[in-house]
Amino acid sequence: MDSEHIGDSDWSQLQTNLEATIPVYDRINRFATLGQDQRWRKGVRAQITPGSDVLEVGCGPGTFAERIEGCEVTCLDPIPAMLEVARPRVNNARTARGESEATFVEGTAESIPLDDNSFDFVCCLFSFRDFQDKRKGLEEILRVLKPGGKLIICDAGKANFLHGWMGWLWMKVWVGTYARLICKQDDHPWKWLTKTYVHFGTTRQYKKMMRDVGYTPVKGRLLFPGMAVRFIAQKSE
Ligand SMILES: C[S@@+](CC[C@H](N)C(=O)[O-])C[C@H]1O[C@@H](n2cnc3c(N)ncnc32)[C@H](O)[C@@H]1O
């Protein structure tokens, strides 16, 4: 595993562990971020113009997608069990708002089974870190974005080595202890949160990767209190 790639065996173990987090996913997320994840998700939604075609890559159990309002929504995830949980959750919320159902697609960021130039916004909430090939995922997202469309990524932040070390300590001790208590097993699946974070790159590195892939302009900044990063990268008109 490095800042750009996750090997086949690690990625398949990661998928098994992500699936095992489903029953406690929202609960541990809230605890791990001291409730800040809700504010960060709201911040991403605020960037989306109503009436847009939105794709969420790595939708997980639907935590973000259920609250995208006034848009056509497509949810993509490689884990069928995630899509099974996300589908009723997102569609119940949409139906209650009088909106049409969302579309659910099984697939990875690296090989998106959707047409070119289809979306105004592509959002990746805490899933970019799990891409097996981050550059390939960024290229595929660029392909499915409409000209002028935007990619918005929100993930665990890492400004530099020291900041990364503090993030590692936080995940290992704080999140790890809580996850062990909730999951009631020493080898709990949230261990992978720390593993993928250790190999995650810095804000500067991914901004450069996005520019190399062809996005312009590219912005990236840490979100208060420094635990998360948000990138906004545009496809040229
Ligand atoms: C931590 S969950 C994030 C769920 C949700 N987006 C949220 O807001 O909390 C990460 C999700 O990314 C998905 N994922 C992992 N690798 C992926 C890939 N290569 N392409 C797309 N999604 C991926 C996982 O299956 C998982 O559901």
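Helices and strands are here DSSP runs, of at least four residues (H or I) for a helix and at least two (E) for a strand, numbered from the N terminus. In this predicted model, the place of N117 is, in those terms, the loop between β3 (103-106) and β4. The phi of N117 is near 50 degrees, a positive value in a residue other than glycine, and N117 is exposed, because 11 other C-beta atoms lie within 10 Å and a residue with 12 or fewer counts as exposed.

The protein as a whole has 8 helices and 7 strands. Its radius of gyration is 17 Å, close to the 18 Å that the globule rule gives for 237 residues, so the protein is as compact as a globular protein of that length. The C-alpha trace spans about 45 × 40 × 35 Å along the principal axes, and buried residues make up 41% of the 237 residues. Among the contacts with a separation of 6 or more, 66% are accounted for by residues 24 or more positions apart.

Strand β1 (residues 53-57) may be taken next. Of its 5 residues, 4 are buried, so β1 is largely enclosed by the rest of the structure. β1 pairs with strand β2 (residues 72-77) in the parallel sense over 5 bridges, and in this pairing V54 stands opposite V73. β1 also runs parallel to strand β4 (residues 119-125), to which 3 bridges join it; here the bridge partner of E56 is C123 in β4.

A ligand is also present in the model, and 20 residues surround it, the closest being G58, G60, L125, S127 and D130. By class, this shell holds 11 nonpolar, 6 polar and 3 charged residues.

Among the helices, α6 (residues 161-183) bends by about 35 degrees at G176. G167, M171, V175 and A179 are buried in α6, and what covers the buried residues of this helix includes α2 (25-32), β5 (145-156) and α7 (191-198). The helix is followed by K184, whose phi is positive, near 55 degrees.

A positive phi, again near 55 degrees and in a residue other than glycine, is found at L34, which lies in the loop between α2 and α3 (36-45). L34 has 10 C-beta neighbours inside 10 Å and therefore counts as exposed.

Two cis peptide bonds deserve attention towards the end of the chain. One joins T216 and P217, with omega about 0 degrees, and P217 is found in the loop between α8 (203-213) and β6 (218-223). The peptide bond from F224 to P225 is likewise cis, with omega near 5 degrees, and P225 has its place in the loop between β6 and β7.

The segment after β7 (228-234) contains K235. Although lysine is a residue that counts as charged, K235 is buried, because 22 other C-beta atoms lie within 10 Å and the cut-off for a buried residue is 20 or more. If residues up to four places away in sequence are left out, K235 touches L142, L145, P147, G148, G149 and Y215. The C-alpha atoms of K235 and Y215 are separated by 5.1 Å, while the two residues are 20 residues apart along the chain.

Technical notes
Residues numbered from 1 in each chain as written. Predicted model: local features only at pLDDT ≥ 70, side-chain atom pairs only at ≥ 80, totals over all residues. Near = placed C-beta within 6 Å. Rg over C-alpha atoms; globule rule 2.2 N^0.38 Å. Contact = placed C-beta atoms within 7 Å. Bend = angle between axes of the 7 residues up to and from the residue. Pairing = 2+ DSSP bridges.
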